[in-house]
Amino acid sequence: MFSFRRLSNLIAGAVLLACYYGFVKYTGTGIPCLFRYIFHVQCPGCGVTHMLLALAKGKMQEAFCSHPVIFCALPFLGWILVKYSGSYVMCRTTVWKKWEQIGMVLFLIALIGFGVFRNIV
């Protein structure tokens, strides 16, 4: 069963992300990282906004340097996002295949490992 309410939620989320992108692009300030503010080290997600801004400009090398783990995982994360969004709009339970489960675990391990490594080096 298709849900217009759920579709409108996804559209509202996309509009909010577009507004945030515009705000960051034109003001140069984004949401501050609370992890970095409290612990004075970069969290595993630090650099994602810079990566997305660089991708929007078509600067692949700069995007990779901003956050290499998420940059390399973008095709996989895009697949997961599309699959989950489709299931959400169609009011279906998302069934994760074995390779998706393994991929997500490997992604999270790589993300945490990168977060630790970037603060040691």
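This is a short exchange on how labels for a predicted model are reached.

Trainee: What is the mean pLDDT of the protein?
Mentor: The mean is 91, and 100% of the residues reach 70 or more. The scale runs from 0 to 100. Helix H4 (residues 60-66) has the highest confidence, a mean of 96. Helix H1 (residues 4-27) has the lowest, at 90.

Trainee: Why is Phe35 called partly exposed?
Mentor: Buried means under 20% relative accessible area, and exposed means over 50%. Phe35 has 36% relative accessibility, so Phe35 counts as partly exposed. Its place is in helix H2 (residues 34-39).

Trainee: Which residues make the nonpolar surface patch?
Mentor: Leu34, Phe35, Tyr37, Ile38, Phe39 and Val41 make it. The patch covers about 660 Å². A patch residue needs over 30% relative accessible area. Phe35, at 36%, clears that cut-off.

Trainee: How do you know that the span of H1 is close to the one expected?
Mentor: Set the two values side by side. H1 has 24 residues, and 34 Å is expected at 1.5 Å a residue. From first C-alpha to last, H1 reaches 34 Å. Gly28 follows H1, with a positive phi near 80 degrees.

Trainee: What makes the pattern of the protein α-α-α-α-α-α?
Mentor: The protein has 6 helices and 0 strands. Read along the sequence, that pattern is what the protein follows.

Trainee: How much of the protein counts as buried?
Mentor: The figure is 23% of the 121 residues. The cut-off is under 20% relative accessible area. The protein exposes about 8,800 Å², and carbon and sulfur atoms supply 73% of that area.

Definitions and conventions. Residues are numbered from 1 along each chain as its sequence is written. This is a predicted model: local features need pLDDT of at least 70, side-chain atom pairs count only at pLDDT 80 or more; totals for chains, interfaces and linings use all residues. Side-chain values use heavy atoms; hydrogens and water are left out. pLDDT is the predictor's confidence in each residue, from 0 to 100. Helices (H or I, at least four residues) and strands (E, at least two) are DSSP runs, numbered from the N terminus. Patches are made of residues with over 30% relative accessible area and no salt bridge: like charges are joined within 9 Å, nonpolar side chains (Val, Leu, Ile, Met, Phe, Trp, Tyr) within 5 Å. Accessible areas come from the Shrake-Rupley method with a 1.4 Å probe; for residues, only the protein chains shown count as cover. A salt bridge is a side-chain nitrogen of Lys or Arg within 4 Å of a carboxyl oxygen of Asp or Glu. Buried means under 20% relative accessible area, exposed over 50%, partly exposed in between (1.4 Å probe, protein chains only). The expected span of a helix is 1.5 Å times one less than its number of residues.
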